[in-house]
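Hi there,

Here is the structure I promised to pass on.

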Amino acid sequence: MIHRLDSTRFEQLKASGDLPSPRGVALAIMRLTQQDDVSMAELTRVIRSDPAFVGRLVKAANGIVAMTRRPVVSVQEALMVLGLPAVRTMALGFSLLSDHRKGSCHGFDYQAFWAGSLAIALAMQVLAQRKRAGAPDELFSVGLLARVGELALATLYPGDYAQVLSEQRRYPELRLSDLEHRAFAMTHLDLGAAMLLDWGLPGLLVDAVRLHETPERSGSLPGSRDYVLVHLLALATQIAELCMAAAADHAQLFAALCAGAKRLDLVPGELVNVCEQVARQWVEWCDSLQLRHAAPPDFAALLGSGEAAAAPPVAVPQPCSDAEPVHKSAAAPAAAEELRILVVEDDAALRAQLIGLLAEAGQRVCEAADGRAGLERALEMQPHIMLVDWAMPQMDGMELIRALRATRVGRGIYILLLTEHEEDERLIEAFEAGVDDFLGKPLKPRLLSARLRAGLRVVRLQQELERDREEIRHFAAELAVSNRRLQEVALTDALTGFPNRRYAIDRMQQEWQAATRSGRPLSCMVIDLDDFKQINDRHGHDAGDEVLRAIADALRSALRGQDVICRTGGDEFLVICPETELNAALVCGERLRAAVDALHRVVAGEHLRLSISVGVAMREAEMVDLDALIKRADQGAYRAKQQGRNRVITVQHAAGGARS
Ligand SMILES: Nc1nc2c(ncn2[C@@H]2O[C@H](COP(=O)(O)OP(=O)(O)OP(=O)(O)O)[C@@H](O)[C@H]2O)c(=O)[nH]1
């Protein structure tokens, strides 16, 4: 059964202080990333205070940029690659990982839990890249946190949860969430979903976590974004299970995995590639986090052995739960897109008659015998059409309809009311409560089928609308990705790969504001290549480009991690040095100068001497704006040219005058 956790219950659990939650640096990162005007420098400073997190962040960023560009080595670059939302959830995931490597719940294997969660995270990342199903970094975080509800139950109820786990080991055919529901009236899925929502993850992703263990019950349209996300997470979980499983179980789990992959149109060869990629990264991650892990299977051999084909077919559960009967006429042809109908009627004879008529017409019908059961069933199976009796015990039809219309799921259901009262006032009351149509009692079969046809027309129109909307969402997502790429291109200099002038100005503005707020120092350097025109004139523009690239590489490798270099003009660069005093900036400038000076370049047999002139300046209280700061650095560069080039100069006095 799929449940949602009552918000009061969740608030109580939260107030107990026993729910796993981020601490220390992760908490600071989460708070900082909630501010609109957070500067990269501030964020970098906080992140740097936790070297373990720095390592994981850089590793995650490299998983994403692998093979498309040079490796990410600094926190700042990792931040640019991953973006704030992903950094936020990663901080959260890794903080939980650090704080919960062990705990007091016997029988809960904390190491295996994290090793499995990491495998899900990596599988989500790789699958997201293949299926273009969302931002890989975001889906990595979702995978890492998908099972957090299990950890929370083990933390909240260590003794009882140990019993639940031992019962599950004794009866593996029972589902963990059913056992949890019996013991705690909540499952790891609904608790985990409530936690993720509370931490600010988008609803769509939280729904994927809540539903991924029973993706076939998600009720989403094949091909829609929610469908893909739920099935992706289900598949990632299967890949993780296979990575963690004993060799004896590999063949059967691989067969199940192939069935799951089919739902996402992933052919077996592609699936094996995905699994191999995930397993490689997983072993690396587990080793670096010192987590115990099994040897992953030889996926290619599993595919080749044919054992997968010989394994028993995987049962696909039906949308209606086993406890409640599903009625369908054997003679009825399978509809292209089957409709789900729910009959809520306390009169058993009438219910049976309705079900018989509907099943004969080829509809898939579920039933409930009172209003309360009807509400629960409707939220679970999300029917397209409901036939609801007005007068029922416990919760009457009107209460049921009002409760349903207040939910997102219930708003879209076509509701046909069964009533003995056809007086105007009563019917008006029913329509105002949210009824779409009514049917008088005693039942007239021809009238029932006419009214159902009208209902079906509305449902089909709604489905078409939903498909159109989905397409628009799909286009919008693609557009957002292209826009991001365009934006990157618009802010990057193609020759050197450095951010360009536009980016430099924006970034300077941000750092200027952060420095003004915090009172921390801010320095910058203006770099101008020396006699570059001569190189162009003597050896041509292409050779000039080549030299420019070589100088850019030298500058890049001599730069400190927190500094940002931008190409602001033809042969001019700006280096932003957040939280840096003038003296320290002069030292950095000298390192850059020396790096270029040491470059040896031979063009057309001529040995070129390459050098740069560097002007350095630090923000001072009397400077009115950042132009004043850049101008001061410019003056330094100009002075360096005047004094013979290949030197680092500041025109400020704080560092003891000009230096070269
Ligand atoms: N190859 C190449 N040359 C460029 C590019 N952008 C600007 N330039 C050249 O860079 C040269 C800059 O020359 P100047 O500003 O006179 O300066 P300089 O020769 O470096 O002399 P000083 O700055 O006084 O040391 C010009 O010849 C520009 O054409 C580019 O993208 N590629």
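Predicted model: local features only at pLDDT ≥ 70, side-chain atom pairs only at ≥ 80, totals over all residues.

The protein chain contains 29 helices and 12 strands. Of its 660 residues, 40% are buried. Taking contacts between residues at least 6 apart in sequence, 66% join residues at least 24 apart.

The ligand is surrounded by 16 residues, and the closest are Asp530, Phe532, Lys533, Gly544 and Gly570. Sorted by class, this shell has eight charged, four polar and four nonpolar residues. At least two shell residues come from each of strand 6 (522-529), helix 26 (532-539) and helix 27 (541-558). Helix 27 gives the most, with four residues.

Aspartate 389 may also interest you. An unreviewed UniProt entry annotates Asp389 as "modified residue: 4-aspartylphosphate". In the model, aspartate 389 belongs to strand 3 (residues 385-389). This aspartate counts as buried because it has 25 C-beta neighbours inside 10 Å, where the cut-off is 20 or more. Leaving aside residues up to four places away in sequence, aspartate 389 touches Val344, Glu345, Asp346, Gly397 and Leu418.

Helix 23 (residues 424-433) has 10 residues, and the number buried is one, so this helix lies largely in the open. Glycine 434 follows helix 23 and has a positive phi, near 120 degrees.

I would be glad to hear your thoughts.

Best wishes

Notes:
Residues numbered from 1 in each chain as written. Near = placed C-beta within 6 Å. Nonpolar A, V, L, I, M, F, W, Y, C, P; charged D, E, K, R; others polar. Buried ≥ 20, exposed ≤ 12 C-beta atoms within 10 Å, placed from the backbone. Contact = placed C-beta atoms within 7 Å. UniProt positions renumbered as here; feature names shortened; annotations may be inferred.
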